[in-house]
Amino acid sequence: MDERDRRFRRESLEDLDRGWAISAELLTATAVWGGIGWLLDRWLGSTPWLFAIGLLLGFGLGTYIVFKRFEVVAAAEDAKRPRL
């Protein structure tokens, strides 16, 4: 295996890793905030409104976290690329 194949393989695995991290962030944030909303609904008897708000809030916060986290990664990758 030559150097180009190794680099391609390493970059492919890094991209796959980022994809899993993004999926995990979105699912985790949505599940946690949806769970908090569900618990509050059961406690306050306001079913299903706080659950729905929790899901939306979780997805929004998860999206925000993904953008902030991978904004740094994208800036680092841009710095590595040679300028023409």
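Student: Why does Ile 22 count as partly exposed?

Tutor: In this predicted model, Ile 22 has a relative accessibility of 29%. Buried means under 20% and exposed means over 50%, with partly exposed in between. The value of 29% falls in between, so Ile 22 counts as partly exposed.

Student: Where is Ile 22, and what is it in contact with, leaving aside its neighbours within four places in sequence?

Tutor: Ile 22 sits in helix α1, residues 3-44. With those neighbours set aside, Ile 22 is in contact with Val 66 and Phe 70. The C-alpha atoms of Ile 22 and Ile 65 are 9.2 Å apart, although 43 residues separate the two along the chain.

Student: Why does Glu 25 count as buried?

Tutor: Glu 25 has 19% relative accessibility. Not counting residues up to four places away in sequence, Glu 25 touches Gly 62, Ile 65, Val 66 and Arg 69.

Student: What makes Ile 36 partly exposed?

Tutor: Its relative accessibility is 35%. Ile 36 is in helix α1.

Student: Which residues form the nonpolar patch on the surface?

Tutor: The patch is formed by Val 32, Trp 33, Ile 36, Leu 40, Trp 43, Leu 44, Leu 57 and Leu 61, and together they have about 750 Å² of accessible area. The elements giving two or more residues to it are α1 and α2 (49-80). The most come from α1, with six residues.

Notes
Residues numbered from 1 in each chain as written. Predicted model: local features only at pLDDT ≥ 70, side-chain atom pairs only at ≥ 80, totals over all residues. Heavy atoms only, no water. Buried < 20%, exposed > 50% of the residue type's maximum accessible area, 1.4 Å probe, protein only. Contact = heavy atoms within 4.5 Å. Patch = residues over 30% accessible without salt bridge, like charges linked within 9 Å, V, L, I, M, F, W, Y side chains within 5 Å. Areas by Shrake-Rupley, 256 points an atom, 1.4 Å probe, with all protein chains shown as cover. Salt bridge = Lys/Arg side-chain N within 4 Å of Asp/Glu carboxyl O.
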